[in-house]
Amino acid sequence: MARDPRTAQRKGRRVKPPIVTFPGKLGDLLLAVPAIRSLATLYRCPVQLVTTPYCSPAIPLLMEEPGLIESVTIYDRYQPTATEPGLQPVAIPIPADLLADGHRDVFHLGLRRHALPHERLTETIASSYGLTIRPGPWLRRARIDRSGPQVMHAPVGEPWAAAALREWISQGRSDRPVTLIGTASEFSIYQTMRLDRYEHVTLRETSDLLDVWKILDGAQSFVGVASAPAVVAAASGLPCAWIMRPAPTPEIRAVIERCVPRGCKVSVVHCRA
């Protein structure tokens, strides 16, 4: 069990940054940011994060969050052990150089998604330190511009989502300019679905989630599947419509609903595509 850093702080001793490990994928890391921020607040210093290559696109964005992360180490030998939604409960080894200057408190946030809602840490840490994670947006607030574009996104491997966006656009459900965001591979899906043929639609390529945040800053709202860009939009305070796949099973519906951050402006839309 990690020691309570407030004891050392009261005695005037310098507290070393805690090490936080996080196995899993991109969206899971974003949902765990409130837990990481609570530890940074408790220790009064940014944490040292050890995570997986799947989370790399989030690092530029999280490094710009004030007082959150001091350094990032990528554990490149991590492999998911199951195909079900949610991160895998794997303890990532701590690199020796992070432990070279003596004892560090280490927190393995390796829980499955349904056990790690964004408003709560693991029961062990929360009960030990009395940490409180308030519902609501947890990244830098994006400017909401009522005259700005509606930002949309459909991830690779979800052709039904691109079809849902096409229906949304073609039926005039967006009464303002639309900015479609995505990686180069996602652009090919947009073009296959001919989403770039509408005059009021603009395509913007993104390389990481910091690019996504910059496009969201000044937008009117966000529409898309519950993927990493959708979590960034919700965590930044934008009004969001998260698209759910057609005729979802009860299991998929439950996963999506658990991922909707409490206190954020998120509604779930059931598509017919």
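A residue counts as buried here when its relative accessible area is under 20%. Keep that in mind for this predicted model, starting with strand S9 (residues 240–244), where 5 of the 5 residues are buried. Cys-240, Trp-242 and Met-244 point one way from S9, while Ala-241 and Ile-243 point the other way. So which faces are covered? By the under-20% cut-off, both sets are buried.

S9 has a parallel partner in S8, with 4 bridges between them. In that pairing, Phe-222 sits opposite Cys-240 of S9. To get from S8 to S9 the chain goes through helix H8 (residues 228–235), a β-α-β crossover that is right-handed. S9 also runs parallel to strand S10 (residues 266–270), joined to it by 5 bridges. There, Met-244 faces His-270 in S10.

Gln-220 lies between helix H7 (209–216) and strand S8 (221–225). Is this residue buried or exposed? Its relative accessible area is 16%, and the cut-off for buried is under 20%, so Gln-220 is buried.

The Gln-220 side chain makes a polar contact with the side chain of Ser-221, at 2.5 Å. Leaving aside residues up to four places away in sequence, Gln-220 touches Ile-144, Asp-145, Arg-146, Gly-148, Pro-149, Gln-150, Arg-176 and Pro-239.

Strands of a sheet pair through backbone hydrogen bonds, either parallel or antiparallel.

Within it, strand S1 (residues 19–22) and strand S2 (residues 47–51) run parallel and are joined by 4 bridges. Val-20 is the residue opposite Leu-49 in S2.

## Helix H5

Does the length of helix H5 (residues 159–170) agree or disagree with its residue count? At 1.5 Å a residue, its 12 residues should span 16 Å, and the end C-alpha atoms are 17 Å apart, so the two agree.

H5 is mostly covered, with 9 of its 12 residues buried. The buried set is Trp-160, Ala-161, Ala-162, Ala-163, Ala-164, Leu-165, Glu-167, Trp-168 and Ile-169. Just after the helix, Gly-172 takes a positive phi of about 70 degrees.

Definitions and conventions
Residues numbered from 1 in each chain as written. Predicted model: local features only at pLDDT ≥ 70, side-chain atom pairs only at ≥ 80, totals over all residues. Heavy atoms only, no water. Helix = DSSP H or I, 4+ residues; strand = E, 2+ residues; numbered from the N terminus. Buried < 20%, exposed > 50% of the residue type's maximum accessible area, 1.4 Å probe, protein only. Polar contact = N/O pair within 3.5 Å; in protein donor to acceptor, adjacent residues only side chain to side chain. Contact = heavy atoms within 4.5 Å. Pairing = 2+ DSSP bridges. Expected span 1.5 Å × (residues − 1). Right-handed = clockwise from strand over helix to strand, strands pointing away.
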